[in-house]
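Me: I would like to learn how to read an interface and a helix pair in a model. Please take me through them.

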Amino acid sequence: MSQASSWKKKLRNNATGYLFLLPTILVLGTFLFLPVFYSLYLSGHKVNLLGDVSYKWVGFNNFSRMAGDERAWIALKNTASFAIFVVPLQTACAIFLAVILNAKLKFKNFFRIVFFMPTVTSSAVLSLIFMWIYNSNGLLNRLLEFIGLHGYNWLGDPAVAMKAIMLMNIWSTAPFFMVVFLAALQDIPDALYESAMLDGAGAWRRFISITLPLLKPATFFTVVMGFIGTFQLFDQSYIFSAGSGGPNNSTLTVALLIYQYAFKNLDFGYASALAVMLAAVILLVTLIQRKLFAEEKLN
Amino acid sequence: MKKRSGFAIVALILSAVLVLSACGKSGGNANSPESTSGSNGSKEPVTVTLAGWGASPEEQELLNQTIQEFETKHPNVKVKYEVIADQYMDVIKTRLIGGEGPDVFYLDAFEAPGLIERNVLEPLDSYVTPEFDVADFDQPMLDAFKQGGVTYGFPKDSSTLAMFYNKKDFADAGITTPPATWEELQAAAVKLTKKEGDKTVRYGFGVAPELARQMFMIQAFGGKVADEEGNAAFASPEALKGLQLVTDMHNVDKSSGEPKEVGAGWGGEMFGQGKASIVFEGNWAIPFLESNYKDLDYGTAELPTINGKKGTMAFTVAYVMNKESKKKEAAWELISYLTGKEGMKTWTSKGFALPTRKSVATELGYDKDEKRGAIVAGASYATPWQAGSTLPTIMSNFNNQFVDTFMGNSKLEDAINKAQTTANKEIAAAK
């Protein structure tokens, strides 16, 4: 008897709980879970949605097609080199900025606001502003010429187009991670620094032996988020190349390739397969990083 | 057990979502017949949606005026005009998939075969009346929207490429007549190129290294862009011969440049800013130069002959009807007015666009216009910008590699061969 009533109570509790969750479940279900499952479903089909709608099961054909798709490899290579270049630099910049802003500076808050500005600005707007800076007669080339270097055709030359996006991306994402580091820095007790100073440790030594190790959880977060963000790079290369990924595929990223296949070629099946592949790559990279960071923790 | 019930609830909710969304859709469909019946029976006006890409404010104003004239003459039809600001074709295709496509929309000739093949455009032949006078259209422009003898769209306007040259630069360089052959163009471009230090501040010839502008160069010596099966075929020796002329001017003579190299967005801007003395542009550049660079003293001429033959590109856009439209009668009324003699005359009256009807062209006299005469003259021998439904794939691969070789990073032959192989691989994989 008592058991039955407690079961009833539990059920009622559960029902109330799920009722509260209902809005979230509905929203997530519609906009997250359904699309995820739908794209998994699409990735195994040859899909025609425009005109005569048809779904044809093709098994793993969409995945094996990637092996022979040169542009998919170029996109993956571009994306990986983008991530490998951007993530370390943006993390280093973020730590550097955070340490400076954590020092006892005058007008600290002013600088915090100024540094954080790029992050709250829309990335589409930033890209447009940077396109002017990168213009052949733009600010950057003028600056380079002023100090005696020669300028580049930043947007039109395949050799430098991706570098231009990298520079901009580092500049605009570092401040966000700076805030993460800033929060982490404030958690480091002053006592540690004081005792290190008593032991005669200099500023550099204190940074290497106290600040960096204690920042490790924040660094892990930053690196993981950085990799996920850079692997999903879309808007900046889309705007810089007007959607083409050019010149000569140099700014083609995986996300941009997915967009092109889905909306330009209307090949939703293959585009979904590429999206699944990208998700798998990101998952793999994240797992590897977790492993690396966890091992160091044990030591 | 607990976990299971959780899953069950989630599953239940998900299925509820599915059912609900399905209801929503069928509900929407159920409503629509009512709105269609209105068009036949009562005097309630029917609203037709018309979608196009953005243009200059003056041009937009002119289109609005044309639409207003239509609405006064056809009180039973109201037009809802929508501007799609960016990535026009992506938006149109996505909206067609979602069943939210506009009733009437612009379609560039280059995208037409793809949409016709997908069977989303309404064949228009059965609507045509004798008064509409199809024979009045320029045949090549009309053919661009035909497949298997069926017409899917009527061209609203068109333009070929003509040579724009800066008269002051020409006078300074002592050139008296616009170049009539490619060799003369090469010589003139070298003379017109101006350097400050080792930086080129003005190119003799401003060129767009992309397929849409270079297709006639491929054909100049007998090459072609695509074969009958829709595979890329632009790497033949004949095609390379034409393209070599373009890349040599940039890499050997150093007398031509693309707009980006001097910080301009496109040829017209480059020309207006005085960073190129010669460009190949179409009618769209004339109102642009008029409103942005009023003092520019320039002339136009037909493109120089290549291999002793005349050649240029022709671009055209049509009004087409969505096959899923619920208001086809009203949509046709709109199309037939906009591409009819009356509507086309209003639309092309200010010279923002050139008419595709012979009668309108004669009436407005653009063939005798000082600036537009050369553009009109090109229509008789122009290559229309179109090559089957695989052209978008062919184009993106060509452009990718051609820019690279144009910038001097790779050999023309290697780059173009690579572009052809990649394009054909993609075409085969998509089949």
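Predicted model: local features only at pLDDT ≥ 70, side-chain atom pairs only at ≥ 80, totals over all residues.

Reply: Residues are numbered from 1 along each chain as its sequence is written, while chains are lettered from A and ligands numbered from 1 in the order in which they are written.

Me: How many residues of chain B are in contact with chain A?

Reply: The size of an interface is often given as the accessible area lost when the parts come together. Here it is given by contacts (C-beta atoms, placed from the backbone, within 7 Å): 33 residues of chain B touch 34 of chain A. Helix 1 (2-40), helix 3 (88-97), helix 16 (391-406) and helix 17 (412-430) of chain B each give two or more residues to that side of chain B. Helices are DSSP runs of H or I, at least four residues, numbered from the N terminus. Helix 16 of chain B has the largest share, eight residues.

Me: How do helix 8 and helix 9 of chain B cross?

Reply: Two packed helices are described by the angle between their axes and the distance between the axes. The axes of helix 8 (residues 211-220) and helix 9 (residues 237-251) of chain B come within 6 Å and cross at roughly 130°.

Me: Which residues of helix 8 of chain B meet helix 9 of chain B?

Reply: B:Q214, B:M217, B:I218 and B:A220 meet B:A239, B:G242, B:L243, B:L245 and B:V246.

Me: Which residues of chain A does UniProt list as "transmembrane region"?

Reply: The unreviewed UniProt entry lists several, including 164-185 and 268-288 of chain A. Residues 164-185 of chain A are 100% helix, with end C-alpha atoms 31 Å apart.

Terms used. Contact = placed C-beta atoms within 7 Å. UniProt positions renumbered as here; feature names shortened; annotations may be inferred. Axes fitted to C-alpha atoms, helices over the stretch in contact; angles between N-to-C directions.
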